[in-house]
Number of protein chains: 2
Amino acid sequence: MANTETYISMDKELLEEELNSLLARYEDYKAQGLKLNMARGKPAPEQLDLSNALLDILPSDTTPLDSFGEDTRNYGNLTGIPEAKKLMGDIMGVPANEVLVSNNSSLNLMYDAVARSMLVGVNGFTPWSKLESVKFLCPAPGYDRHFAITQSFGINNIEIEMMSNGPDMSVVEHLVNTDPSVKGIWCVPKYANPLGITYSDEIVRRFAALKPAAGDFKIYWDNAYAVHDLEEPGDELLDLREACIETGKPNMYYMFSSTSKITFAGGGISALSASGENLAEIVKTMSFQTVGADKVNQLRQVAFLRDLDGVREHMRKHAALLAPKFRVVLDTLERELGNLGIATWTKPRGGYFISFDGLSGTAMRTVELAKRVGVVLTDAGATFPYGSEQMNKNIRIAPSYPSIEELVVASEIFCVCARIAAIESIMSRRSRRKDIVQMVKA
Amino acid sequence: MANTETYISMDKELLEEELNSLLARYEDYKAQGLKLNMARGKPAPEQLDLSNALLDILPSDTTPLDSFGEDTRNYGNLTGIPEAKKLMGDIMGVPANEVLVSNNSSLNLMYDAVARSMLVGVNGFTPWSKLESVKFLCPAPGYDRHFAITQSFGINNIEIEMMSNGPDMSVVEHLVNTDPSVKGIWCVPKYANPLGITYSDEIVRRFAALKPAAGDFKIYWDNAYAVHDLEEPGDELLDLREACIETGKPNMYYMFSSTSKITFAGGGISALSASGENLAEIVKTMSFQTVGADKVNQLRQVAFLRDLDGVREHMRKHAALLAPKFRVVLDTLERELGNLGIATWTKPRGGYFISFDGLSGTAMRTVELAKRVGVVLTDAGATFPYGSEQMNKNIRIAPSYPSIEELVVASEIFCVCARIAAIESIMSRRSRRKDIVQMVKA
């Protein structure tokens, strides 16, 4: 049954009727004792299975040497094995000699980069721990774990509005170019978490053209979804490195990526790319921290993925599993919410999330309702600095982990909850308005 | 030819004759254009081969689940998989629930522990980065990478003399118990790097009985060689955890270990153990840093080593490869230097090093002479805070990596260099003395 009338235009009786019918559906779901999760961007088991060959790809009867003939099992080689640098460089679109390959977590590389800036200082500037005020810009909705890193160090997270083509650059430019306490900005430039958008060429160029008031300002460019297309051809992201070299600011960014959502989520390899000068500085500090990462796993990943073509071929298999899941959620959203005038949502061409905007003030209620019938969603507001969205309307939907069958149910439940929350909100607003009208009359 | 006379007792002619004969040998070595390395404690390829089954031990046609049925390939489980905690706990002699298992580098765990103390603070105390003065005690000779961590943060490294049964505890007690800026001490309590000694029961008890002036003082107990015996039975190290619980100071230590020198040096797993309270605090901060370590590799290590018995059985294979190498070096030292009165050295029952003391003032010269004929040794002084030993007599010898054949040559060269350096030193002292005598006469 297609929805023909928006909730806002319905009168009291019609809305109540609608609410009752939704509550009946809601009670039905409750009775089923479900346990579904659309909260985190975890790959599904069948996606992990795509890479199971990794497990025994290195035969035990040969010595796992890297392409320089070094034994990957032993100590050494702080920046990673050459072939892993090449592969990760190709994924990020940067030269291998500007890449450091590490263990399984690119988040760890980001955390350590901030920690280093706090303790040791960057490019010869004062360690941030010695400064009165340090600010980071947080395009929101964004990745909660990014914001949590800077928050954990007491850095002031500043919310920046995300537009359809990237962060609101006029605000970014103003803050970065005038405030020396603004030391960085968190970006997921391709298939942004959770909006799914890719920064436009113009946005990337404006990033490269920043004239930071802080000499040690850095763009934290987390290219987590560099090759994670759901459709072909995928989005094209302008090369930030190239753009920064053109504007004479090669030291203005740190780039990150990993194979976490290519091979094994918890057992991939991570990479950091930066200018030669920045990388040398990072490696110098890292040399106190570790003798090097697990190079056997680096060799394993390269043996499995081979090269960028191999990666692309492999990512098409992920897309074949993921695209139908996104389809289910998007179709359900369209069927259940289309034309009701209570929600909009993104239709991403890649990445791991659908970003949902309900009526203002309804996100937390929607998440709460869903939780009560066994559907766990990302906490409302989680994708905003300090876990709180002023408008209380955005919810991140992660379709990757549940099965198609589970998604059918979970996304229907989600829609029913969003509709109930919307009606409650409209009714309460109307009744408040009525009260005010009566008060004025009285 | 056994040496019958000490160098000190030889007259000028005899010493010169000895020097000439040594220089002839030295020139012979130089002519060979050798390239040998006794500098770092790296396992030899044949030791790594012992664990090659690791490479394909997890079959690609099954899902690598941990003992709780969790998929090790996916995100999550910050503290590690249960069976890895059990195994590492058994190696360290602590309960599994007080263990955190991480990636390939225990050094990284130590670095991060210090970094956390600097930035976030420990047990509710002021972060060290906000203090005027922070000191760490460094029993020396010790592990250079320990001292480098604290040095890299600008912490004041204080040298503590190592005795035959552990650090000089009267000095440790005085400093720890009276100076609130003393925040930690670096220890390798079993088969200490480089002395090879194991702390006596009394020393461990005195550690547990410390009454630190600093409420956040920690013993950094790096049990890197917990199961690394060269002879049977191996040394027994008293249980620091138990001792600290008995003295009512369960929060006074961080314990570390790894499988780096059990399986793959660069591709093992690491572990940290601490009291429940300390561990909870660590995990809280780590939750911002990473979603978790590579659990596939944790599963792999347990699949290969099985349990503590499996570890001990495996370590006997290492000992079978290592013991003859230590033998070669020790025999050569005895043959070339015994009775000359110019050197003493340790005869370790486990671990990775032989610690050599030449005449005062000769260590750097010996290392330099060896380097010139192609034998790389650990830099003289490297095992002391700030890389400098006042007495300039200690050299760390690492026999693990070269082959037996290479060790025969390398250790002979080492001895020849030590002898040359000793004669040079004796002659120069005598001539200085003669000058003084003549000056007094004149």
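In chain A, A:Met162 stands opposite A:Pro167 in strand 5. Strand 4 (residues 156–163) of chain A and strand 5 of chain A run antiparallel and are joined by two bridges. The model is predicted: local features need pLDDT of at least 70, side-chain atom pairs count only at pLDDT 80 or more, and totals for chains, interfaces and linings use all residues. Residues are numbered from 1 along each chain as its sequence is written, while chains are lettered from A and ligands numbered from 1 in the order in which they are written.

**Sheets**

- Helices (H or I, at least four residues) and strands (E, at least two) are DSSP runs, numbered from the N terminus; two strands pair if DSSP finds at least two bridges between them.
- In chain A, eight strands make up an open sheet with mixed pairing and the order 2-9-8-7-6-3-4-5.
- The edges of this sheet are strand 2 (99–102) and strand 5 (166–167) of chain A; each has a single partner strand, so one side of each is left without a neighbour in the sheet.
- Chain B likewise contains an open sheet of eight strands in the order 2-9-8-7-6-3-4-5, and its pairing is mixed.
- Here strand 2 (99–102) and strand 5 (166–167) of chain B are at the edges with a single partner strand each, so one side of each lacks a neighbour in the sheet.
- Strand 2 of chain B pairs with strand 9 (residues 270–273) of chain B over four bridges in the antiparallel sense, and B:Val99 stands opposite B:Ser273 of strand 9.
- Strand 7 of chain B and strand 8 of chain B run parallel and are joined by four bridges; B:Asp222 stands opposite B:Phe256 in strand 8.

- A residue is buried if 20 or more other C-beta atoms lie within 10 Å of its own, exposed if 12 or fewer, and partly exposed in between, with C-beta atoms placed from the backbone.
- In strand 8 (residues 253–258) of chain B, six of its six residues are buried.
- B:Tyr253, B:Met255 and B:Ser257 are buried on one side of strand 8 of chain B, and B:Tyr254, B:Phe256 and B:Ser258 are buried on the other.
- The buried residues in helix 5 of chain A are A:Asp144, A:His146, A:Phe147, A:Ile149 and A:Thr150.
- Their cover includes helix 4 (106–119), strand 3, strand 4, strand 6 (182–187) and strand 7 (218–222) of chain A, together with helix 9 (276–289) of chain B.
- After helix 5 of chain A comes A:Gly154, with a positive phi near 75°.

**Local backbone geometry**

- The peptide bond between A:Ala140 and A:Pro141 is cis, with omega about 0°; A:Pro141 lies in the loop between strand 3 (135–140) and helix 5 (144–152) of chain A.
- B:Glu232 and B:Pro233 are also joined by a cis peptide bond, with omega about -5°; B:Pro233 is in the loop between strand 7 (218–222) and helix 8 (240–246) of chain B.
- B:Asn123, a residue other than glycine, has a positive phi near 50° and is partly exposed, with 13 other C-beta atoms within 10 Å.
- B:Tyr191 is not a glycine, yet its phi is positive at about 45°; B:Tyr191 is buried, with 27 other C-beta atoms within 10 Å.

**Helix packing in chain B**

- The axes of helix 11 (residues 308–337) and helix 13 (residues 404–441) of chain B come within 9 Å and cross at roughly 30°; axes are lines fitted to C-alpha atoms, for helices over the stretch in contact, and angles run from 0 to 180 degrees between N-to-C directions.
- Helix 11 of chain B is therefore roughly parallel to helix 13 of chain B, a term for angles under 35 degrees.
- Residues of this contact (C-beta atoms, placed from the backbone, within 7 Å) include B:Pro324 and B:Val328 of helix 11 and B:Leu407 and B:Cys415 of helix 13.

**Contact between the chains**

- Chain A and chain B each give 47 residues to the contact.
- Helix 4 of chain A supplies the largest share of the side of chain A that touches chain B, six residues.

How values were computed. Angles under 35 degrees count as roughly parallel, over 145 as roughly antiparallel, 65 to 115 as roughly perpendicular and the rest as oblique. Two residues are in contact if their C-beta atoms, placed from the backbone, lie within 7 Å.
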